[in-house]
Amino acid sequence: MSAITLTTDFGTSDWFVGTMKGVILALAPSAAVVDLTHDVPQGDVRAGAFALAAGCSFFKPGTVHVAVIDPGVGGPRKILVVETARYRFVAPDNGVLTLALAREKIKRVHALENPALRLPKVSRTFHGRDIFAPAAAHLSRGYPVSKTGPRLPDYERLPWPEPVRSPGVIRGEIVYVDRFGNAISNIPSAWLPRPGPAVFVYAGSRNLAPWAGHYQAVPPGQPVAVPGSSGCLELAVNGGHAARRLKLSVGSRVRVRAAGA
Amino acid sequence: MSAITLTTDFGTSDWFVGTMKGVILALAPSAAVVDLTHDVPQGDVRAGAFALAAGCSFFKPGTVHVAVIDPGVGGPRKILVVETARYRFVAPDNGVLTLALAREKIKRVHALENPALRLPKVSRTFHGRDIFAPAAAHLSRGYPVSKTGPRLPDYERLPWPEPVRSPGVIRGEIVYVDRFGNAISNIPSAWLPRPGPAVFVYAGSRNLAPWAGHYQAVPPGQPVAVPGSSGCLELAVNGGHAARRLKLSVGSRVRVRAAGA
Amino acid sequence: MSAITLTTDFGTSDWFVGTMKGVILALAPSAAVVDLTHDVPQGDVRAGAFALAAGCSFFKPGTVHVAVIDPGVGGPRKILVVETARYRFVAPDNGVLTLALAREKIKRVHALENPALRLPKVSRTFHGRDIFAPAAAHLSRGYPVSKTGPRLPDYERLPWPEPVRSPGVIRGEIVYVDRFGNAISNIPSAWLPRPGPAVFVYAGSRNLAPWAGHYQAVPPGQPVAVPGSSGCLELAVNGGHAARRLKLSVGSRVRVRAAGA
């Protein structure tokens, strides 16, 4: 029996997520259903794409990943079932899988249209419960992706800012701010040398942070750039909230310079 | 082994819910414990009743549903164990089961008084942990409802506003606002014709919304009335927060008119 | 298979907790992973210590308790694995286990250093995922504590305020405020006589509350002192938020007087 992860913007203050789990467990009673997060900002497909990509690869092969950030629910958008070398994904075809799939080896992409995989009665406002949840349950029990609906030639991708390297300088931007206020950039840590004093990171308009191995490399309250746990350079403040302190948000510019360059 | 659902106003910022799960798993190690929601507003029995009813029927038969919205904890209120054709419910006798039970076939109603189903030491402030959780664990393992305590002739019901139909007009009110700001009414969608231009919905004092199939039937930012996923007419704003935008809250009037009526 | 509990300050709005569960389930697929809470205030080791101690003892023997309130992540602090008569604990050596261990019979204390218990690649900013989670999974499957790393002679303890008894008066202070606004003191309820009119509780500067058995012993809106569910005297307001109403916070003084004393 596979695990099933859920990534949504449903919040947890209503019965929405619990109800999806009820549907799943009715069809796959011993599935391990794991919340990746339900607090993606409402309709924020980019943030959902980032959270899913940051979390999904730590699950065991065979896991079914469900993402329901779906501002187009009930409209003409398709629902995707994607099989990769390790996982199955179920999500609206609105770009929310862009980042997760960029790291996976895609085997097939289908449109979820098979009515046998839905609840008997389907609403037009809660496909998470009526379509995504039962399909995930069936997939976790081995239902073949090839039978979920017609094969698709391609899927929607979000435009995503790419970092740029030139001699002595790397330019990127902030792509996610986490609950601690850490501002995660799109610059792969692997593009930089090992943390040390020969590198400076500029973030936002006037802020300079040393490139160090961990938060406590600077005194409390001071900014620091570290290799973040998602593989990219991250701006933090030791014991503080970097996004507020350094006035950073999604889209803020980040620049890395080697000393003397 | 049955599933057990939890609906409370305990929030998730303290150890309360986790501790209930510890008690349950100590007695029923392989129970699937599912959070319906823990963010019912503190002591709001009506909101808890709505959340429970909206979510519970998607669970498989045999599920034990526990609701702890219990402002009278430690006082003289009874605790109910209700067996229906499909489920068992455990909840304080304060009306929180009103809406869920209205849709179920009730087989027996008992007062939870059997001391064998409690923790050895019972506090007067946290019956969720000391009484509700262990009873739910025992019930999930097949403990008979008939032995939980004395049979009761009846149970507490909340007053609940009923929608009213007259020729050409239906009158109801808002009964729940969800986290998206969608305002759910007490008017069954089945009372209306299929979504289309012949029907107008008035909500609050001055707002008019078309009756449509889904949120995107209107331009972004515009109000729309849709058949909600709980079976009742729901006021929404495409991509927005209807309750704030249309100044709707629990108790706001909703009126539906057929065109020309 | 043991249960595993998680107590962190990670919040639930990002993918952090879900990712820890992914790591755990990949190594221990049938583990029951239970959230104690993830809303410990960021870096608040005292609050985390209180939550863990209040919740952990309701889990069955064999449970692995993981606490990641870890402002020193990536720095020189050690990670502890503690085996007690009933449980195993995994936590940074920063005092977060102080209160939980005070009630347990400690059998051995080790430093978690065995590289076989980590993810292949370890970040310096997310040890919850890379070190704590896989270690907990291995421990839940029976991995011996003695092999997790070198034995330690002792562990870090938080300074913790002790209540003081003198004839006719007990002095203590508030140590935790829960989500309902109830202010929990460090005064054991067992030090007081049974609730009744012969005892008065003073909290903060000018507030007087009767010592009663439960919240509803006073009229709505009135303050009351009750034996809390964690074993200590708790200041509450019937149907209200005691901390705001009585201006109580962690550190506020509490005094108990026997009548006439």
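Predicted model: local features only at pLDDT ≥ 70, side-chain atom pairs only at ≥ 80, totals over all residues.
Contact is taken here to mean heavy atoms within 4.5 Å.

In chain A, helix 1 spans residues 16–27 and helix 4 spans residues 127–140. Two packed helices are described by the angle between their axes and the distance between the axes. For helix 1 and helix 4 of chain A, the angle is about 35 degrees and the axes lie 8 Å apart. Their crossing is right-handed. Helix 1 of chain A contributes A:T19, A:M20, A:V23, A:I24 and A:L27 to the contact, and these meet A:G128, A:R129, A:A133, A:P134, A:A137 and A:H138 of helix 4 of chain A. By class, seven residues of this contact are nonpolar, three are polar and one is charged.

Between chain B and chain C, about 2400 Å² is buried, with 58% of that area on carbon and sulfur atoms. Chain B supplies 30 residues to the contact and chain C supplies 29. On the chain B side, the residues that lose the most area to chain C are B:W15, B:Q42 and B:T125, which together account for 28% of what that side buries. Twelve residue pairs in polar contact, both at pLDDT 80 or more, link chain B and chain C, whereas the count of salt bridges between these chains is zero. Helix 1 of chain B (residues 16–27) gives the most to the side that touches chain C, with eight residues. That side of chain B divides into twelve nonpolar, 13 polar and five charged residues.

Notes. Residues numbered from 1 in each chain as written. Chains lettered and ligands numbered in written order. Heavy atoms only, no water. Axes fitted to C-alpha atoms, helices over the stretch in contact; angles between N-to-C directions. Helix = DSSP H or I, 4+ residues; strand = E, 2+ residues; numbered from the N terminus. Left-handed = near helix turned anticlockwise from the far one by under 90°. Nonpolar A, V, L, I, M, F, W, Y, C, P; charged D, E, K, R; others polar. Buried area = accessible area lost by both parts, 1.4 Å probe. Salt bridge = Lys/Arg side-chain N within 4 Å of Asp/Glu carboxyl O. Polar contact = N/O pair within 3.5 Å; in protein donor to acceptor, adjacent residues only side chain to side chain.
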